[in-house]
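Morning, everyone. Please have the viewer open. I'll take one site and a few helices in turn.

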Amino acid sequence: MAERVYIFDTTLRDGEQAAGIAYAQEDKIEIARQLERLGVDIIEAGFAASSPGDFDCVAAIAREVRGSRIASLARTVEQDVDLAWRAIEHAEAPRIHVFVSSSDIHIMHMLQKDREQVLDQAVAMVKRARGYVPDVEFSPQDATRTQPEYLYRMLEAVIDAGATTVNIPDTVGYAIPDEFAEFIRGVFENVPNIDKARVSVHCHNDLGLATANSLAAVRVGARQVEVCVNGIGERAGNASMEEVVMALKTRRDHLDVEIGIDSTQIYRTSKLVERLSGFTMQPNKAIVGRNAFRHQSGIHQDGILKLRQTYEIMDPKEIGIPDGTQLVLGKLSGRHAFRKRLEEMGYELTQEELNRAFLAFKQLADRKRDIDDRDLEAIVADKMRSNESAYRLEMVQVTCGTEGQPTATVKLVTPGGQVVADAALGDGPVDAVYRAINRVVNVENRLTEFSVKSVTEGIDAQGEVTIRIERDGRTFTGRSADTDIVVASARAYMDALNRLILAQSRSNGGTRPATVLRETTP
Ligand code: KIV
Ligand code: ZN
């Protein structure tokens with residue numbers, strides 16, 4: 001029987017290290033639940049010691065997610081290991097992931113220690129972690145630029161100290177596939193107790209080789225692969241979950257290993273991470289890009305129509321890609337058909353979420369003739385989250401054109417239920433809307449990104465707006481879709497502002513930042 005390769009997902013830890021990504025706690029929990037549905041073996045939920053917010057997220061995921069093992073990262077310092085344990089202690093299957101740099105360049109210039117001190121720390125902290133939990137992973141950071149004999153010695157020592165998985169990170173994405181395979185082979189051949197641990201790999205994509213390097217390592221015996229959904233992560237990102245999984249599945253004939261992933265959840269997972277991270281996939285992204293299963297040339301189309309396999313090595317259904325051209329619902333469709341289609345697409349909505357989504361669907365159906373799965377996804381993304389303690393946009397009205405200055409009027413409902421109206425002039429309609437909202441909410445921030453993309457084709461398509469705002473070095477992403485892009489922009493801005501306010505109230509121990517109300521309508 002083929003051996004199992006374990007999928008360790010670090011979208012919530014290394015993925016969040018990508019410049020510009022900052023998930024809210026509820027985003028992390030939503031992603032973790034979806035990773036569980038996808039069937040990943042281990043979810044690295046965060047780095048508990050890095051901030052109180054990260055600690056809370058790891059702890060919440062450890063309490064709520066049951067189907068996957070939950071890991072927290074820790075440096076080789078006592079406080080990190082202790083906090084990692086406290087964050088994951090309620091997990092069904094907890095893991096502490098201890099790491100320290102092993103290359104001379106890191107040891108000398110970054111840690112300013114010597115090799116022996118680093119080795120001793122690694123051993124001591126693996127032992128400390130094992131005192132808490134039977135499942136301990138150890139990573140020698142920058143392994144691929146580490147002197148091999150030192151690396152072997154370190155791995156042997158941490159396995160003796162109790163590490164059950166040893167992970168070999170190509171931290172700076174420097175390796176080349178055949179060379180990396182040799183490197184991993186060297187670990188198997190030179191670490192005497194390597195049979196007592198599982199060998200894992202963690203590849204970065206600086207040279208675009210993260211997936212190739214991960215697969216090369218599997219070929220020579222690595223049995224855990226660390227990945228991020230959509231390949232997000234530090235700098236150029238990590239090995240992409242969807243690429244690694246579909247390569248292992250599609251080329252099982254060559255790689256001869258098993259995985260426990262439900263690949264039909266890949267598309268939904270990718271879309272969720274795309275939405276919550278704000279990192280839009282390039283159209284030609286392997287597996288999950290818009291063009292990954294589109295055939296343009298006449299020769300290819302002819303082949304596909306005769307036999308799909310002529311130009312497709314995977315069936316889009318295996319990835320859970322909905323048939324985007326299918327017209328699923330229209331103006332006269334009822335709640336039952338709406339719920340059924342969402343269930344077919346894999347969404348489990350509460351009654352309250354369903355009510356909100358159905359209302360939005362009816363409103364959209366009044367403005368858009370053909371509603372397909374992509375519209376439904378946008379509606380669900382918009383309406384799933386209800387934040388009772390947030391500001392809500394009740395009305396937005398804009399006057400703009402070739403004459404005069406754009407003017408916006410907004411009416412917002414405050415968390416306390418007050419209706420507040422205000423108006424502002426701006427350089428353009430969206431600027432006017434933002435200024436009007438700012439006059440009501442009055443929370444200082446800097447708009448760093450604004451983008452609009454069409455959800456479907458056609459003049460009546462919904463526009464999906466993504467915006468990012470920054471305050472005190474933290475980024476908050478907001479998103480919304482509507483056939484009116486000014487409305488979508490207003491809602492996206494409210495979404496980001498609500499996240500900022502929530503984060504601030506958490507760091508102030510639950511007190512909402514003061515806001516100035518200007519004009520109140522009962
Ligand atoms: O890239 C890296 O070395 C890491 C380690 C913490 C595993 O992310
Ligand atoms: Zn990494």
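Start at the zinc ion, ligand 2. Its protein donors are Asp14 through OD, His202 through NE2 and His204 through NE2. A donor here is an N, O or S atom within 2.8 Å of the metal, or 3.2 Å for Na, K and Ca; water is not among the atoms, so sites may look incomplete. Along the chain, the donors follow the spacing D-x187-H-x1-H.

Buried means under 20% relative accessible area, exposed means over 50%, and partly exposed is in between, with a 1.4 Å probe and protein chains only.

Some ground rules. This is a predicted model, where local features need pLDDT of at least 70, side-chain atom pairs count only at pLDDT 80 or more, and totals for chains, interfaces and linings use all residues. Residues are numbered from 1 along each chain as its sequence is written, chains are lettered from A and ligands numbered from 1 in the order in which they are written, and side-chain values use heavy atoms, with hydrogens and water left out.

Next, helix H8, residues 210-219. Helices are DSSP runs of H or I with at least four residues, strands are runs of E with at least two, and both are numbered from the N terminus. In H8, 8 of the 10 residues are buried, so this helix is largely enclosed by the rest of the structure. Among them are Ala210, Asn213 and Ala217. Just after H8, Gly221 takes a positive phi of about 120 degrees.

Now the partner. Two packed helices are described by the angle between their axes and the distance between the axes. The axes of H8 and H9 (residues 241-250) come within 10 Å and cross at roughly 40 degrees. Axes are lines fitted to C-alpha atoms, for helices over the stretch in contact, and angles run from 0 to 180 degrees between N-to-C directions. That makes H8 oblique to H9. The cut-offs: under 35 degrees is roughly parallel, over 145 roughly antiparallel, 65 to 115 roughly perpendicular, and the rest oblique.

Who touches whom? H8 brings Thr211, Ser214, Leu215 and Val218, and H9 brings Glu243, Val244, Ala247 and Leu248. Contact means heavy atoms within 4.5 Å.

Compare H14 (residues 335-344) and H15 (residues 351-367). They pack at about 110 degrees, with axes 11 Å apart. That makes H14 roughly perpendicular to H15. The H14 side of the contact is Arg335, Phe338, Arg339 and Leu342. The H15 side includes Leu354, Phe358 and Phe361.

Two loop residues next. Asp142 has a positive phi of about 65 degrees although it is not a glycine. It is found between strand S6 (136-141) and helix H6 (148-160). Asp142 counts as buried, at 0% relative accessibility. Asn230 has a positive phi near 60 degrees, and it is not a glycine either. Its loop runs between strand S9 (224-227) and H9. Asn230 is buried, with a relative accessible area of 6%.

Last stop, Thr483. Where is Thr483 found? In the loop between strand S18 (474-482) and helix H18 (485-507). Thr483 is partly exposed, at 24%. Leaving aside neighbours within four places in sequence, its contacts include Leu364, Arg367 and Asp460.
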